[in-house]
Each structure stands twice: as C-alpha cells, then as structure tokens.
Amino acid sequence: MRDIVFVTGNANKLKEVKMLLASETLNLTNEPLDLDELQDTNLVSIATDKCKQAIKILGPGKEVFVEDTALTFDEFNGLPGAYIKWFVKSMGLDKIVKMLDSFENKGAEAITTIAYADSKGEIHIFQGITKGKIVPSRGSLNFGWDSIFEPLDTPNLTYAELSKEEKNKISHRAKAFEHFKAYLDTLN
Ligand SMILES: O=c1[nH]c(=O)c2ncn([C@@H]3O[C@H](COP(=O)(O)OP(=O)(O)OP(=O)(O)O)[C@@H](O)[C@H]3O)c2[nH]1
Ligand SMILES: [Mg+2]
C-alpha cells in the first residue's frame, strides 16, 4: 500500500482526483493547504514550486503531489492560464466569455499539470491537455469555468453538462492522471 498526500484546498478538484486515482494499492489523503502560486505562464514552474512548498510544510520523506490547472485561450498566447482562478473570482464567467467577443477563434485549452515528489524528494511532472472552445455559460455552476468550456470531444456539451464520469473520461485532469497512474504502476 502506497501512502500519498494530495495537497489542494479545492474540494471539487479533490472529488475528481479521488475518482481518477481510486486504487486498492493507494492510500490517498488530502492536506488542504493554500499554497502560493508563482506568477508565471510556465505551468511546469508553477506546479514544481507548489510541490516544493508542500514538501517544506509537510516535511521530507513523504510522497506528495499537487496539481495546477490552467485555461488558455488560443488568441491570448497562454493567458489567462493559471490566472484563470482570479479572472473567475474577480470578473465572473460572463465577462470572461465577452473577452473573446471580438475574436472569431474561441479556441481554448484546459491543462492540468501534476507535480509529484517521491519519498526522496525528486519531482516528476505529468500533464494533460483537453482542447475545446469558450461558449456562453451552460450547465451547472458548481465548478470554476466548467460551464463555459466545451471540449472538442463532446461538441454541444460543456464540461458542466457532462456527468462526472463522462467528464472524467475526457478531461485535462483525467489525461494528466492517466500518465501519473501509469508511472505509479511502474513502481509497484
Ligand atoms: O471549471 C473548472 N473545471 C475544472 O476541471 C477545473 N480545475 C480547476 N479549476 C479552476 O481553475 C482554477 C485553477 O487554479 P488552481 O489549479 O490553482 O486551483 P485552486 O487554487 O482552486 O486549488 P489548489 O491550488 O489548492 O489545488 C481554480 O479556480 C479552479 O477552481 C477548474 N474549473
Ligand atoms: Mg491554487
């Protein structure tokens, strides 16, 4: 049995990760620390830095991972990226959709970057990307920007209109966790 700590203060994220990583050989626990996030468009740097902070707080020798999720607009060259959290909090979804009004290309990418520290403190990175487009909000408003992101894999349905199981088949997070799981399997 592998003990592994997921550091996040985001309850929705935790719920998805618990489903994605469910395994009889993993004992997943959560530490709801609110870690600082680097001001950067480099998603690997942000996740790596978050993971290092987590190890510092939790102490060495533990297997720890964090994830950072970004939403990038094709027309904005990597932005809002990791700053999407503050855009959602400050402006709200409708104004975020309006930011793309003058552009024909509504393309966007949802990207999850996982930084996992093994018991020696070595950091490993796993990433998942789902392409889609930004649309006027549809579906439940439970989770961040789910209702304005329509993945290319499910035309006419936003993330928020999919069941958790359906989202977990195609999501940025699911893809990142597939890579992470495959890596953990090689260790067993
Ligand atoms: O609609 C969504 N569908 C998703 O699948 C999703 N994943 C993350 N988010 C939101 O995007 C921002 C990322 O910031 P983020 O990765 O730093 O998260 P966070 O600060 O909430 O938690 P954490 O840093 O403690 O893990 C935060 O506003 C999250 O709520 C999502 N919204
Ligand atoms: Mg965060």
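Reader: What share of the contacts with a separation of 6 or more comes from residues 24 or more positions apart?
Author: They account for 58% of those contacts. Keep in mind that this is a predicted model.

Reader: Noted. How many helices and strands are there?
Author: The protein has six helices and seven strands. From the N terminus, the order is β-α-β-α-β-β-α-α-β-β-β-α-α.

Reader: And how compact is the protein for its length?
Author: As compact as a globular protein of that length, because its radius of gyration is 16 Å and the globule rule gives 16 Å for 188 residues. The C-alpha trace spans about 50 × 30 × 25 Å along the principal axes.

Reader: What percentage of the residues is buried?
Author: Buried residues are 33% of the 188.

Reader: Let's do the strands. What does S5 pair with?
Author: S5 covers residues 107-117 and pairs with S6, residues 123-134, in the antiparallel sense over 11 bridges. S5 also pairs with S3, again antiparallel, over 10 bridges.

Reader: Is S5 enclosed or open?
Author: Largely enclosed by the rest of the structure, since nine of its 11 residues are buried.

Reader: What about the turn between S5 and S6?
Author: That hairpin has five residues between the strands. Gly121 there takes a positive phi near 85°.

Reader: Which strand pairs with S6 over three bridges?
Author: S7, residues 149-151, in the antiparallel sense. Gly132 has Pro151 of S7 as its bridge partner.

Reader: Which H2 residues are buried?
Author: Leu43, Ile46, Ala47, Thr48, Lys50, Cys51 and Ala54.

Reader: Lys50 too, okay. What do the buried residues of H2 pack against?
Author: Four strands: S1, S3, S5 and S6.

Reader: What follows H2?
Author: Gly59, with a positive phi near 95°.

Reader: Now ligand 1. Which residues come nearest?
Author: Thr8, Asn10, Lys85, Gly144 and Asp146, out of 16 residues around ligand 1. Strand S3 (64-73) and helix H3 (84-90) are the elements that give two or more residues to that shell.

Reader: Which element gives the most to the shell?
Author: H3, with three residues.

Reader: And the split by class?
Author: The shell around ligand 1 has six charged, five polar and five nonpolar residues.

Reader: Last one, Asp74. Where does Asp74 lie?
Author: In the loop between S3 and strand S4 (80-81).

Reader: Why is Asp74 called partly exposed?
Author: Because 16 other C-beta atoms lie within 10 Å of Asp74. Buried would take 20 or more, and exposed 12 or fewer.

Reader: What does Asp74 touch beyond four places away in sequence?
Author: Asn105, Gly107 and Ala108.

Methods. Residues are numbered from 1 along each chain as its sequence is written. Chains are lettered from A and ligands numbered from 1 in the order in which they are written. This is a predicted model: local features need pLDDT of at least 70, side-chain atom pairs count only at pLDDT 80 or more; totals for chains, interfaces and linings use all residues. Two strands pair if DSSP finds at least two bridges between them. A residue is near a molecule or strand if its C-beta atom, placed from the backbone, lies within 6 Å of it. Ala, Val, Leu, Ile, Met, Phe, Trp, Tyr, Cys and Pro count as nonpolar, Asp, Glu, Lys and Arg as charged, and the others, Gly among them, as polar. Two residues are in contact if their C-beta atoms, placed from the backbone, lie within 7 Å. The radius of gyration is taken over C-alpha atoms; the globule rule is 2.2 Å times the number of residues to the power 0.38.
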